[in-house]
Protein chains: 2
Amino acid sequence: MKLTSLDDGSADGRLHLVSRDHSRAAPAEAVTTLQALLEDWDTHAPALKAQYAAVNAGAGVPFDAAKALAPLPRAWQWLDGSAYDSHGALMEKVFGIEPLPTWPPLMYQGISDRFHAARADVPLPSEDDGIDFEGEFGIITDRVPMGTDAAAARGHIRLLVQINDWSLRKLAPREMKTGFGWLHCKPACTMAPVAVTPDELGAQWREARIDLPLVVDWNGARFGAAQGVEMSAGFDQLIAHAAYSRDLVAGTVIGSGTVSNESYREVGSSCIAERRGIEILDEGAPTTEFMRFGDRIRMEARLPDDTPLFGAIDQIVVKA
Amino acid sequence: MKLTSLDDGSADGRLHLVSRDHSRAAPAEAVTTLQALLEDWDTHAPALKAQYAAVNAGAGVPFDAAKALAPLPRAWQWLDGSAYDSHGALMEKVFGIEPLPTWPPLMYQGISDRFHAARADVPLPSEDDGIDFEGEFGIITDRVPMGTDAAAARGHIRLLVQINDWSLRKLAPREMKTGFGWLHCKPACTMAPVAVTPDELGAQWREARIDLPLVVDWNGARFGAAQGVEMSAGFDQLIAHAAYSRDLVAGTVIGSGTVSNESYREVGSSCIAERRGIEILDEGAPTTEFMRFGDRIRMEARLPDDTPLFGAIDQIVVKA
């Protein structure tokens, strides 16, 4: 199934089914918001599946992605991992950080009261803060009881999403040094317009990882196309990690961290910080600057046969 | 005004006015949940104030604090500061942490999808994790635009609350070292049953600080009674700090951090970690152990004339 939340003036938007080819959409009849669906998935899913088949057969109206909010426009919980070791190891090397063990996974709790729409302008306070994008994949869970292990966690992955985790890099070192983690340097994220059930990926959903490239274009120029599958911890393991000392509320969003590959010199990067890190290693100093107001960032992942999946994030950063 | 959310089977509870002496309560007529009130305070406040006067004059029914949820049983955002320098300086000394500047304030984003009721048992995974309480004061805001300064922030402080920020101390060093901040070591918090408007404190609301002792009893024995006023940054400054790169959603809860005084040897502490720190300094090793399952923690702040304010947190920690 493919789901979107269209802007109807409410905070949560109106849940719609989207056809597999993203050409058509119809308001979900069984339930009106994605949050309500996630709180009672098994009750609503059969009717939604039937309606999804109808939309794929031509029901509904043309789907206008420009009218989509984030699939989950606000969430009770957003936890972001950092599951690509190639990215972590590079950052440690560049910044002289003592290497951290790759298990348990890195994860922080971020702002979840809003996720920007994929086409919305993103207001931030200052170009001096080192404005960066971070292309990520993510999952959304139903309710996960405290102590759930990775095997059981797989059944709680209800939806897959694509995320831009906006970052203010120059504020990060101070916040990391406090031990309290990130606050200023992690403003609200963006979600691509369509959330999909794992079965939509077919063989590209492997070991609770998304085996697709995330194509990132910055101001119209290709910046990266790293494969999602190289996570050292799958989303199942990230869920189990998150649930150690808390129940996860239905609608918990968990991110992969910046998609990154060992072959980053060939495939490119999903954030500017990584490219700057490579430049520091190779040339002694970074040459790529961070974003300026007015810059455009586009991110999309498609299936191998070019079927659209999450739709595209395509937005501009502006002065708040 | 004094407000509580009584358990009616819903996630948010049913908003009630509580009389100044906590003897009576009546369902709010103007609005049914605290979240809805915070989203449109100015519209609803006049009717609520009139109803509050009626409850103080004898309207309503007897208030049973045992039926109260947290005033805000779930929030879109919970940001916890660490604004008592005596606590921070002690922890730095004990753990050999390089002293951090006291400005900007320390703050992390924590789990907000639930706040435990004041009398609810609190389930946690293991006694080996160093289970600790943290007595705090907190505030709840209406919507605060990005970039709001401390002077303007005062007008956004709609309610004051009292919080127990449950902590798993033995998990903290690893999470602090990652730079990603706390996750496992900060499970869901508890809120005392009643939220109050700042005017209820009279002269005890000073410079956006709560000038009252927070009385903490552990298993029936007095543990601390530190004054809330010694914050190095007031709640107005904490709000301004939080709002640097984000709008604060209506219903944002911001905590003071563990209430602590320079005179901690005389007034006691609001968490076990602080007492252990004093023991390490004075005796070379800690002698106070962390909590065991079945332990009871009670926390309450009253006005100088003994009028109740937030009601008491009084609960037991249990095996999840």
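**Exercise 1. Is A:Arg174 buried, partly exposed or exposed?**

Solution. Keep in mind as you start that this is a predicted model.
- Step 1: The relative accessible area of A:Arg174 is 33%.
- Step 2: Buried means under 20% and exposed means over 50%, with partly exposed in between.
- Step 3: With its 33%, A:Arg174 is therefore partly exposed.
- Step 4: Now turn to its partner. A:Arg174 and A:Glu175 meet through their side chains in a salt bridge, at 3.9 Å from N to O.
- Step 5: A:Glu175 has a relative accessibility of 3% and so counts as buried.

**Exercise 2. Work out how B:Glu300 and B:Arg302 are paired, and which network they belong to.**

Solution. 
- Step 1: These two residues form a salt bridge, and their closest N and O atoms are 3.0 Å apart.
- Step 2: B:Glu300 counts as buried, at 9% relative accessibility, whereas B:Arg302 is partly exposed, at 33%.
- Step 3: Salt bridges link B:Glu300 and B:Arg302 with B:Arg296, B:Arg298, B:Asp306 and B:Asp314 in one network.

**Exercise 3. Find the chains that the salt bridge between A:Arg114 and B:Asp247 joins.**

Solution. 
- Step 1: Over all chains, a search of the whole structure finds 49 salt bridges.
- Step 2: One of them pairs A:Arg114 with B:Asp247, whose closest N and O atoms are 3.5 Å apart.
- Step 3: Place each end. A:Arg114 sits in the loop between strand S6 (107-110) and strand S7 (122-124) of chain A, while B:Asp247 is in the loop between helix H6 (235-242) and strand S18 (252-255) of chain B, so the pair joins two chains.

**Exercise 4. Describe how chains A and B are related.**

Solution. 

**Exercise 5. Trace helix H8 of chain B and its surroundings.**

Solution. 
- Step 1: H8 covers residues 272-283, twelve in number, and spans 16 Å from its first C-alpha to its last, close to the expected 16 Å.
- Step 2: Its buried residues are B:Ile272, B:Ala273, B:Glu274, B:Arg276, B:Gly277, B:Ile278 and B:Glu279.
- Step 3: Those buried residues pack against helices H3 (85-95) and H7 (264-267) and strands S8 (131-132), S16 (213-218) and S17 (221-227) of chain B.
- Step 4: Just after the helix, B:Gly284 takes a positive phi of about 90°.

**Exercise 6. Locate the nonpolar cores and the domains.**

Solution. 
- Step 1: The largest nonpolar core has 93 residues, and those with the most contacts inside it include B:Leu34, B:Phe133 and B:Phe310.
- Step 2: This core draws at least three residues from each of domain 1 (1-69) and domain 2 (72-319) of chain B.
- Step 3: A second, separate core has 92 residues, among them A:Trp41 and A:Tyr52.
- Step 4: Chain A is likewise assigned domain 1 (1-69) and domain 2 (72-319).
- Step 5: In chain A, the C-alpha centres of these domains lie 25 Å apart, and 23 residues of domain 1 are in contact with 25 residues of domain 2.

Technical notes
Residues numbered from 1 in each chain as written. Chains lettered and ligands numbered in written order. Predicted model: local features only at pLDDT ≥ 70, side-chain atom pairs only at ≥ 80, totals over all residues. Heavy atoms only, no water. Helix = DSSP H or I, 4+ residues; strand = E, 2+ residues; numbered from the N terminus. Expected span 1.5 Å × (residues − 1). Buried < 20%, exposed > 50% of the residue type's maximum accessible area, 1.4 Å probe, protein only. Contact = heavy atoms within 4.5 Å. Core = buried A, V, L, I, M, F, W, Y, C linked by side-chain atoms within 4.5 Å. Domains from an automatic or database assignment. Least-squares fit on C-alpha atoms with pLDDT ≥ 70 in both. Salt bridge = Lys/Arg side-chain N within 4 Å of Asp/Glu carboxyl O.
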